[in-house]
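Hi,

Here is the structure I promised to pass on. Have a look at it first, and then read my notes below.

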Amino acid sequence: MDMNRRDFLKGTAWMGATAALAGCVSSAARLVDRGGMTAFAAPALKKVRVGVAGLGMRGSGAVHRLASIPGVEVSALCDLYQQRVTAQQNWLKQSGKPAAAEYTGPEGYKAMCESDLDLIYVVTPWALHTPVALYAMNCGKHAAVEVPAAMTLDECWACVETSERTGRHCMQLENCCYGEVEMLTLNLVRKGLLGDIVHGEGAYIHDLRELNYLDPVKGGYQGYWRLKWNEKHFGNPYPTHGLLPIMQAMNVNRGDRFDYLTCVSSGQFGMDAYAKAVFGEQSWQAGLHPKCGDMSTTVIRTVKGRSIMVQHDVTSPRPYSRINLVSGTLGCLCDYPLRIALASKPGDPAHGWFDGQSTEQIRVQHRHPLWQVAGELAQKVGGHGGMDFLMDLRLMYCLQNGLPLDMDVYDLAASCSICELSERSALNRGASQDVPDFTRGGWKTAKPLGIESVDISKFNFGDVKKDDAQLNV
């Protein structure tokens with residue numbers, strides 16, 4: 001890294017000073033003990049006023065989902081470019097929603113964070129995730145941040161310490177924990193049907209070659225930011241999609257924690273081949289030679305002896321998969337496609353997957369309560385098949401009712417720490433890397449996440465139309 005943790009924190013100290021000068025909440029006014037954010041519940045908010053930072057690929061869908069939830073108001077819009085702000089302002093108007101305050105430019109997010117809001121919803125490129133979240137919390141706002149919320153250990157620690165110091169939530173968005181199969185898995189685990197959980201496998205396998213090289217003017221990543229990250233980095237830069245649901249199933253940070261990991265990455269073949277084939281051997285694309293390997297495989301061991309495999313591949317011509325496998329002493333569930341194998345009783349074998357009819361019966365019988373009460377609505381609103389909407393719905397329900405969030409800043413930090421640690425390991429022939437205990441021992445007494453839902457009667461949903469703005473990237 002270019003700077004150590006102490007230097008990084010010194011470098012971000014100006015954020016708190018700027019926030020104080022701007023009239024933001026004093027950080028000393030809401031001090032939370034170290035490790036205390038797991039069960040932390042902020043005062044209930046009758047109406048949640050949200051500012052959305054970043055209105056590109058994922059940002060527009062976020063505006064639409066949030067605005068569809070009763071008791072939530074998209075009160076501010078922020079982007080580098082005015083035309084994106086105007087587009088979402090027009091959508092709010094056409095949808096009969098109140099007009100939002102507008103902020104633009106490279107530092108527009110600062111003025112937005114300093115305004116009268118409750119939550120900053122961060123949907124910017126990766127490099128801005130942590131800076132915007134820190135500024136938001138230092139201004140007394142809760143922060144909800146797209147994945148990965150932090151790219152380095154320094155950023156992970158900064159999020160943890162700022163959340164604790166300010167007493168503001170900092171939650172990882174687009175976390176895939178609210179997918180129907182992921183929530184089915186958690187329900188089976190909590191009911192004991194998989195026995196003691198031993199192993200998990202998660203991934204982000206998604207052919208993004210075309211999108212990585214797509215001209216930003218034509219809808220690609222602004223400034224080719226994702227391609228530029230792949231150009232300079234190794235390891236797994238995007239571990240959270242497949243990892244966070246497994247963390248919940250294994251009670252990571254709530255009875256167990258990550259101990260150490262090792263990572264091996266393949267060489268880079270696919271992006272060079274794609275660039276030459278599509279743009280020609282003399283093109284700047286063909287001359288880029290990204291560093292990130294095609295397939296990265298990280299293996300994590302927990303303190304309690306569980307193992308997790310996490311893979312990343314955005315280069316190979318393979319069907320999309322997050323793998324989503326959880327295996328225990330009584331059975332196993334694996335997704336893409338959904339397969340389930342359960343032993344009749346301890347000691348019995350489970351040599352084959354259940355047939356389609358039996359699997360469907362289990363899916364229906366053990367459907368998570370949140371999907372039971374809001375699944376149909378979620379599929380209509382959209383966002384990764386409805387999981388993004390359920391994530392937003394549950395987040396807003398907790399904020400409106402003064403409840404602890406399902407995921408806290410320690411979950412954010414532990415999952416995002418894999419970005420730097422996997423790169424360190426892969427660059428050092430798979431050398432083992434210790435994973436920090438971001439809870440500082442709090443995991444030993446923290447209670448596991450229960451089977452949580454919402455009281456849908458507290459929301460007054462009217463006619464909700466299917467939203468074509470949702471993207472699944």
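This is a predicted model: local features need pLDDT of at least 70, side-chain atom pairs count only at pLDDT 80 or more; totals for chains, interfaces and linings use all residues.

**What I found**

Helix α8 itself is worth a look. It covers residues 180-190 and is mostly covered, with 10 of its 11 residues buried. The buried ones are E180, V181, E182, M183, L184, T185, L186, N187, L188 and V189. What lies over them? The cover includes the strands β7, β11 and β12, along with the helices α11 (240-249), α13 (356-365) and α14 (369-381).

Now zoom out for a moment. The protein has 16 helices and 14 strands. Its C-alpha trace spans about 65 × 60 × 45 Å along the principal axes. For 473 residues, a compact globule would have a radius of gyration near 23 Å, and the protein's 22 Å agrees with that. Of those 473 residues, 58% count as buried. If you take the contacts with a separation of 6 or more, 77% of them come from residues 24 or more positions apart.

Next, the open sheet. It has 6 strands in the order β3-β2-β1-β4-β5-β6, and the pairing is parallel. Which strands stand at the edges? They are β3 (101-104) and β6 (170-172); each has a single partner strand, so one side of each is left without a neighbour in the sheet. From one strand to the next, the twist averages 20°.

Inside that sheet, β1 (residues 48-53) and β2 (residues 72-79) pair in the parallel sense over 6 bridges. If you want to find this pairing by eye, V50 stands opposite V74 in β2, and R49 stands opposite E73 in β2. Strand β1 has 5 of its 6 residues buried, so it is largely enclosed by the rest of the structure.

With β11 (residues 325-328) the pairing is antiparallel, over 4 bridges, and I197 has G328 in β11 as its bridge partner. With β10 (residues 307-313), β7 runs parallel, and 7 bridges join the two. Here G200 stands opposite I308 in β10. As a reminder, strands of a sheet pair through backbone hydrogen bonds, either parallel or antiparallel.

Is D335 buried or exposed? D335 is buried, yet it has no salt bridge. The nearest side chain of opposite charge belongs to R322, 5.5 Å away. Leaving out residues up to four places away in sequence, D335 touches V181, I323 and N324. That brings us back to α8, where V181 is one of the buried residues.

Cheers

Terms used:
Residues are numbered from 1 along each chain as its sequence is written. Side-chain values use heavy atoms; hydrogens and water are left out. Two strands pair if DSSP finds at least two bridges between them. Axes are lines fitted to C-alpha atoms, for helices over the stretch in contact, and angles run from 0 to 180 degrees between N-to-C directions. Buried means under 20% relative accessible area, exposed over 50%, partly exposed in between (1.4 Å probe, protein chains only). Lys and Arg count as positive and Asp and Glu as negative; His and the chain ends are not counted. A salt bridge is a side-chain nitrogen of Lys or Arg within 4 Å of a carboxyl oxygen of Asp or Glu. Contact means heavy atoms within 4.5 Å. The radius of gyration is taken over C-alpha atoms; the globule rule is 2.2 Å times the number of residues to the power 0.38.
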